[in-house]
Amino acid sequence: MEPSSLLRHMRRELDAFRDCLDGDLAAPVEHCGDWTLLDLTEHLGGSNLWAAAAVTEKHGDHKPAAGPRERAALIRWFGEASQALYAALDTDPSTPAWTFHPPHTVGFWQRRRCMEALVHRWDAERALGISQPLDAVLAGEGVAEVFDTMAPRQIARGRTQPPQAALRLEATDTGASWTYGPGTPVAVLTAPAESLLLLLWGRMPLDGGGFAWHGDEQAGRRILKGPLTP
């Protein structure tokens, strides 16, 4: 996706997350351990500040202060953190920046922070019992990021092994497809792009509705077991 499109989507997703802060801050967030919505807000706001510093200060050692616990102050803090991120990322995507995986440019963060906001917006809304769809094209960009960035990082950090065979994922709503692993795919998994992204990030079970297998399903399941994301 174009950087300008990613930035527009990121702003929209962060605004939607901010809207959730009018809800129950003590609501548990299902897929984030024992976090509440307040904890998730502190994580997303703090990591936005960390990513902004990775661009402006060109290192990954920034340690943001804890977010406030009172609602009004938390909302202001989150908005300021979002604005700091916008300001840092609204530039030429080829600008050098510190990143935890290639490319070491602002473009890396434009995509990464958009995907972070997308998934955590879904987390926050789900915690409040809200069901809003993910943009299908944006979700597809997130699937691509898992395979070209997050899974290779998991391998590099010794958290999983390289795949011994290839798996192909196909989005039934956009027609996009992605292949992960060496050689000809031994299996194909089809579903809407949103479902594929939520599956890869551990938000949706593989045995839920909407997924269809073709080929060697068991081999495909072994590849997906990874874990492909942190």
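Here is a short walk through this structure, from its overall fold to its cysteines. What you're looking at is a predicted model, where local features need pLDDT of at least 70, side-chain atom pairs count only at pLDDT 80 or more, and totals for chains, interfaces and linings use all residues. Residues are numbered from 1 along each chain as its sequence is written, and side-chain values use heavy atoms, with hydrogens and water left out.

Let's start with the fold. The protein chain has seven helices and four strands; these are DSSP runs numbered from the N terminus, with helices being H or I of at least four residues and strands E of at least two. Going along the sequence, they come in the order α-α-α-α-α-β-β-β-α-β-α. The protein chain's radius of gyration is 18 Å, close to the 17 Å that the globule rule gives for 230 residues, so it is as compact as a globular protein of that length. That radius is taken over C-alpha atoms, and the rule is 2.2 Å times the number of residues to the power 0.38.

How much of the chain is buried? Of its 230 residues, 49% are, where buried means under 20% relative accessible area, exposed over 50%, and partly exposed in between (1.4 Å probe, protein chains only).

Now for the cysteines. The structure holds zero disulfides, a disulfide being a pair of cysteine sulfur atoms within 2.5 Å. For cysteine 32, the nearest cysteine sulfur is that of cysteine 20, 13 Å away. Cysteine 32 is buried, with a relative accessible area of 12%. Cysteine 114 is buried too, at 0%, and its sulfur lies 16 Å from the closest cysteine sulfur, in cysteine 20, too far for a bond.
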